[in-house]
Amino acid sequence: MSYMLRALELSEKAVGLSNPNPPVGAVLVKDGAIVGEGFTGPPGTSHAEKNALEAAGEKAAGASLYVTLEPCSHYGRTSPCVDSILGAGVERVFVSILDPDSRVDGNGIAKLKEGGVEVHIGDMADESSRRMEAHIKLVSTGLPFVTVKFAASLDGKIATSSGESQWITSELSRTIAHKMRSQSDSVMVGIGTVLADNPRLTARGADLLHIGRQPIRVVVDSNCRIPPNSALLSEPGETIIATTTKREDINFPESVTVESFPSSAKGVEIRKLLEFLGQIPISSVFVEGGSQLIGTFFDEDLVDKVMAFIAPVIIGGTSSPGAVAGAGAKFMSEVVRLDHVEIQNLGADVLVSGYRVRD
């Protein structure tokens with residue numbers, strides 16, 4: 001049995017739950033048997049290592065710990081995990097990847113070794129790096145990890161010529177999309193999507209109830225045109241309205257924050273918005289539309305990942321909007337390419353996902 005694989009499975013439970021902490025999984029093994037497991041909980045609660053140690057109790061002494069990310073060595077909302085590991089008498093620690101957070105960045109490994117713990121690094125590193133991609137990008141660049149998601153017809157349209165867009169894809173695809181929302185720190189749309197669809201922008205579904213929170217909703221609204229009775233403004237959780245023109249004549253609920261940003265030719269300067277979100281900290285942004293906002297993200301090279309739901313329908317029409325607007329590529333040498341592409345059948349629909357190729 002791969003104990004690191006089990007730790008990765010546990011880390012999946014922390015995705016969308018643990019922010020601002022990374023989604024970590026941990027397994028304690030002694031005499032060939034798992035004696036404790038854990039994953040990082042909501043902010044202010046124990047990290048994966050401490051949860052596994054608590055589950056193991058006295059059996060942690062002399063055990064081996066498998067953890068998907070280097071244990072923390074600094075004080076935050078909780079005490080350092082390294083101290084707990086040393087105090088429990090763990091003999092060996094298998095770390096999948098180092099934590100690039102400047103507060104850790106090898107310090108956790110060094111303290112474990114100083115305490116006489118045998119340390120191994122690199123087991124399933126590619127898989128753990130993928131699981132930690134949002135955390136890694138945020139602490140390395142100060143910017144959140146950006147995923148663009150859209151639902152389109154086979155000919156790349158996201159609405160009919162009249163603007164109707166509900167529903168292009170199947171209920172199964174929409175259920176999967178709700179899970180994606182729940183695993184992101186924030187969901188972002190442009191004001192055009194709000195005016196056209198009046199979305200709630202919440203993660204819904206019985207299997208998502210364990211998350212206990214909604215992703216922060218972000219509306220890019222340069223001229224602050226959002227109607228006060230918009231559905232998303234009355235939903236549980238926080239909403240950020242990003243604008244260049246702050247209005248004082250609208251009384252928003254307390255859960256709504258209006259933030260002003262520098263303007264560009266396309267409206268709100270998106271990079272400045274991402275920098276602001278990174279400072280909160282928000283480590284992941286799930287951009288759901290519309291096509292102009294998505295186009296801006298691509299034009300400014302701010303997309304990390306694409307999740308495209310494709311339905312086997314043809315909409316047609318030169319005036320029917322496509323999934324990605326903006327300036328786009330002038331030459332084939334400028335097109336956006338994806339790698340690590342995966343294709344998943346969702347009934348009649350197809351989900352195509354991949355990562356933005358960068359030189």
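**View 1. Strands S1 and S3 run antiparallel and are joined by 4 bridges.** Here Leu28 stands opposite Leu65 in S3. Two strands are said to pair if DSSP finds at least two bridges between them. Strands themselves are DSSP runs of E with at least two residues, helices are runs of H or I with at least four, and both are numbered from the N terminus. Please keep in mind that this is a predicted model, in which local features need pLDDT of at least 70 and side-chain atom pairs count only at pLDDT 80 or more, while totals for chains, interfaces and linings use all residues. Residues are numbered from 1 along each chain as its sequence is written, and side-chain values use heavy atoms, with hydrogens and water left out.

**View 2. An open sheet of 5 strands has the order S2-S1-S3-S4-S5, with mixed pairing.** S2 and strand S5 (118–121) stand at the edges with a single partner strand each, so one side of each has no neighbour in the sheet. From one strand to the next, the twist averages 15°. Angles are taken between N-to-C directions and run from 0 to 180 degrees; axes are lines fitted to C-alpha atoms, for helices over the stretch in contact.

**View 3. Helix H2 (residues 48–56) has several buried residues.** They are Ala48, Glu49, Lys50, Ala52, Leu53 and Ala56. Buried means under 20% relative accessible area, exposed over 50%, and partly exposed in between (1.4 Å probe, protein chains only). The cover over these residues includes strand S1 (25–30), strand S2 (33–39), strand S3 (64–69) and helix H3 (81–88).

**View 4. H2 and H3 pack with their axes 9 Å apart, at an angle of about 25°.** The two helices are therefore roughly parallel to each other; that label is for angles under 35 degrees, with over 145 roughly antiparallel, 65 to 115 roughly perpendicular and the rest oblique. From H2, Glu49, Lys50 and Leu53 meet Cys81, Ser84, Ile85 and Ala88 in H3. Contact means heavy atoms within 4.5 Å. By class, this contact of H2 with H3 has 4 nonpolar, 1 polar and 2 charged residues. For these classes, Ala, Val, Leu, Ile, Met, Phe, Trp, Tyr, Cys and Pro count as nonpolar, Asp, Glu, Lys and Arg as charged, and the others, Gly among them, as polar.

**View 5. The axes of H3 and helix H4 (residues 107–114) come within 10 Å and cross at roughly 20°.** That makes H3 roughly parallel to H4. The contact is made by Val82, Ile85 and Leu86 of H3 together with Gly108, Lys111 and Leu112 of H4. These residues divide into 4 nonpolar, 1 polar and 1 charged.

**View 6. Strand S16 (residues 349–356) is joined to strand S14 (residues 305–311) by 6 bridges, and the two run antiparallel.** Look for Lys305 opposite Tyr355 in S16. Strand S15 (residues 338–346) also pairs with S16 in the antiparallel sense, over 7 bridges, and here Glu342 stands opposite Ser353. S15 and S16 form a hairpin with 2 residues between them, and Gly347 in the turn has a positive phi of about 65°.

**View 7. Thr239 is found in strand S9 (residues 239–243).** Its relative accessibility is 1%, so Thr239 counts as buried. Leaving aside neighbours within four places in sequence, Thr239 is in contact with Arg217, Leu232, Leu233, Ser255, Val256 and Thr257.
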